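Please read the following note with the sequence and the model side by side. The points run from definitions to the whole chain and then to single residues.

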Amino acid sequence: MQLLVLAPLLFTLFVPLLYRRVKAIHVGWFVLLVPVLLFVSFLRLLPQVANGERVLQDLSWIPSLGVNFTTYLDGLSILFALIITGIGSLVVLYSIYYLNRSEQLGHFYIYLLLFMTAMLGVVLSDNMIVLYTFWELTSLSSFLLIGFWYQRDKSRFGAQKSLLLTVFGGLAMLAGIVLLYTITGTFSIREILGQKDMVAESALFLPSMLLILLGAFSKSAQFPFHIWLPDAMEAPTPVSAYLHSATMVKAGIYLIARFLPLYAVHDWWFPIVSGIGLLTLIWGSFLAVKQTDLKGILAYSTVSQLGLIIILLGFSTPLAVTAAVFHLFNHAAFKGSLFMMAGIVDHETGTRDIRRLGGLFSFMPITATVGFIATFAMAGIPPFNGFLSKEMFFAASVEYAGTLNWGFLLPALAVLGSIFTFVYSMMLFFKVFRGELQLEQLEQKPHDPPKGMLISPLILVVIILTIGLFPNLISAPILAPAVEAITLIPQEPVEIEHFHGFNWPLAMTLIVIAVGTLIYLSYRKWLHIYNHLPEFLTWNGWYDRSLRGLDRITTSLTRIQMTGSLRNYLAIIFIFIFVLSGGLLLTTDSFAFSTSDLAPVGWYEVLLALGVIAAAITVPFLTSRIAMVLTTGAIGYIVVLFFVDFRAPDLALTQLVVETISMVLFLLAFVHLPRVPKEKGSKSLKLRNLLISSSVGLLVMLIAISAHSTRLFTPISEYFIKHSYDLAGGHNIVNVILVDFRGFDTMLEILVLSIAGLGIYSMIKLRNRKEDDV
Amino acid sequence: MRLPRLNNVILETTTKVVSYLILAFAIYLFLAGHNNPGGGFVAGLVTASALVLNYLTFDMETIEKRKNFHFRIMIGIGLLLAVGTGLGGVLFGQAFLTHAFGMFDLPFLGETELATATIFDLGVYFVVVGVTMTIILSIGADE
């Protein structure tokens, strides 16, 4: 099973080879083998799965973290796997005729195979981390495919947008996965579903549900994340057909379905899932009517159809789940063929703008037939498959409405969404294939495309018709196991009937058709309402504004903090130290003051302290560098006196010499410098600096007092005093500590000195050699 | 140093005398370090001050003409001495920088205490002299 998942990935290794070496044959023919073989393998597994067998295979990846490439095949997984490989085969076949040899076919098929692996990985993984890995791989490969024509601005924009939004959701999902792991201690979906009662009691239950739903909604282009899908239409049409109608956008649906038994018990499940789905259904279908681009219509239509499936998953009744699965299957079939139809029209006429198209029926009869069947299936008109699933949708919503207070709203809104669906479906067909032919608007005289291009949409149309006429064909082998896998309750295969008496669903369909026809016939009269929709309210506007705003805010934030002025950085550092340490001092109540351990103060120390204070206060007011150096030196010499007073002869000696030498150095270096510039800062700046420096001084003083007042341990110096002679043979403790007890520090300090000396030497000697380079 | 060459006999004569005194004091500080205030660091600085005095009195070219000596080499020697002392302990199976000391009966000096810590201190001394002189001379000689 792992091999089945990874087969497309492995095959990508051969694609460049075949693409470069075998010039005579379109590389797509080799690629076609992969999905076809996979499809056959999954088809052979279908009877087993339908009989209730579950195929579980383990492959260790990171066993220590509980992350293993475990695959699990049940009814839901195999339905998705069949869609992925089946539509995948058809799309590859279609792309062979669609894409010119002059394109970078090697890239295209590698991305496509990458995507196929990622999708199969998502639906077959039992381990959530592996699922997440493949999930991001779908985002990435989709990004690459949308930006396939990377020379175009719009492609890049669309690719970036889809990546940002889906990865945003993906990361939210990862957070949800981690939360689930903290609750259950396992990454295995089966095991988590097995302990769902325990999960439901956890405090992290709701956050994990919201995060995982966020991931699912962004991937499946649900409101308000639907905005990436229309922009993703810049991808080549086979990609749109495959990724953005049949597979990737359904990854979110897969996820919701997978976790349905876990989360559907929560009260918020229905309002969130069905609410978002309903909003997406209506909003998507409403906006689809406005579009003039064929793929734009199809993109919004995909958005709304996915919303429909998600509404049904929100109901989570067996009937609704069956309807969801059924519609999922149907949607893959008719939306795939619709995209291919749009691609053919584009290919043969040079435009996808429905305002320039029309009257193509007599020129492209086969394409038109494909379009007719697929659009009518999408609109939900008998005898096509869309009719059946839409009837089930209505039935499920009527059934569920009975359990709610304001229940009647649910079927009403469902009908509203379906009316718009009907309208744009009709526009899609009639605007393109009926009406006037505007030859002067087209780049070439339209005619039916080469037969190869028609094979795939025709196969899909045959499926639409077959399922439409004999829906029970897939009921037992595909739908029932899938529903069972979602709900975890054994299901009897449902009998799907075309006509089940005069009841609400039928009435609703009739309303949809009647009102939809009326609206379509009069759409010119009310089309202008779209113009009243201000740009301000659209989510695209919000997306653009938020990106721009983010850019602006980060730029200005960086400008504020990264001024390039060392003085400002210092101020920030000091303020930070003051706030952090001072805050800690205050909040932890760690300030202590005790006079018990203080030595008596003599007049000598007072004098010295006064001297230091006087010198320190003088320095900032001096205007000559020499005076500054001398005053600083005075402080240094007073410190020598302090050392003498506190009985530290070594320190006094060293301080004396070091102070002298550093003063010599200062004087040597400062002789060449210009006079101190007059302080240009304003009064407030000076005040700020004064405030910062005095607060830091105060802080250090407080810390010193507290540190002195809290003596927790006896100092180690007793040991040194006692043992300096018998262990190290010296009486001078300071020196013994420096060279013997703590000799290592000294060694590194002389290293520091050496580096400093050599650094100064090289800075001065090597400075002028390469002046031009600086 | 960029001071003009002064014909200052008093300064020159005093320097000649005082330099020896300072150097002797430095040697005293170095040797006394283990038992009295002093040690390699101070001794190095004091030595450097004697040298600086010479550089100030006679100008740089004069001194450089007499001897061709690079203080940078002293840095290396000092570091080698310090690390070598540390490694000496390792040779005898002790931890790095373990020092040994003992009383020895030396000719002329009699009963004297010798400690490997002194060699380490000598390293410190060399590095300090080398670094101080390198810094002062590079900055001083800079045009």
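1. Helices are DSSP runs of H or I with at least four residues, strands are DSSP runs of E with at least two, and both are numbered from the N terminus. By this definition A:Leu753 has its place in helix α33 (residues 743-765) of chain A.

2. This is a predicted model, in which local features need pLDDT of at least 70 and side-chain atom pairs count only at pLDDT 80 or more, while totals for chains, interfaces and linings use all residues. Residues are numbered from 1 along each chain as its sequence is written, chains are lettered from A and ligands numbered from 1 in the order in which they are written, and side-chain values use heavy atoms, with hydrogens and water left out.

3. The secondary structure of chain A consists of 33 helices and four strands. The radius of gyration of chain A is 38 Å, well over the 28 Å that the globule rule gives for 774 residues, so chain A is more spread out than a compact globule. Here the radius is taken over C-alpha atoms, and the rule is 2.2 Å times the number of residues to the power 0.38. The C-alpha trace of chain A spans about 110 × 60 × 60 Å along its principal axes.

4. A residue is called buried under 20% relative accessible area, exposed over 50%, and partly exposed in between (1.4 Å probe, protein chains only). In chain A, 49% of the 774 residues count as buried. A contact means heavy atoms within 4.5 Å. Among contacts in chain A between residues at least 6 apart in sequence, 78% join residues at least 24 apart.

5. A salt bridge is a side-chain nitrogen of Lys or Arg within 4 Å of a carboxyl oxygen of Asp or Glu. Over all chains, the count by this rule is eight salt bridges. One of them joins A:Arg190 to A:Asp126, with the closest N and O atoms 3.6 Å apart. This pair links distant parts of the chain, 64 residues apart: A:Arg190 is in helix α8 (residues 189-194), and A:Asp126 is in the loop between α5 (105-124) and α6 (128-146). A:Arg190 is partly exposed at 31% relative accessibility, whereas A:Asp126 is buried at 3%.

6. A second pair, A:Arg156 and A:Asp153, forms a salt bridge with an N to O distance of 2.5 Å. Both residues belong to helix α7 (residues 153-184), three residues apart, about one turn of the helix. A:Arg156 is partly exposed, with a relative accessible area of 42%, and A:Asp153 is exposed, with 55%.

7. Salt bridges that share partners join A:Asp293, A:Asp346 and A:Arg352 into one network.

8. A:Thr367 lies in helix α18 (residues 365-379) and is buried, with a relative accessible area of 1%. Not counting residues up to four places away in sequence, A:Thr367 touches several residues, among them A:Met341, A:Phe433 and A:Leu454.

9. Not counting residues up to four places away in sequence, A:Leu753 touches B:Phe41, B:Val127, B:Val128 and B:Val131. The C-alpha atoms of A:Leu753 and A:Gly633 are separated by 21 Å, and these residues are 120 residues apart along the chain.
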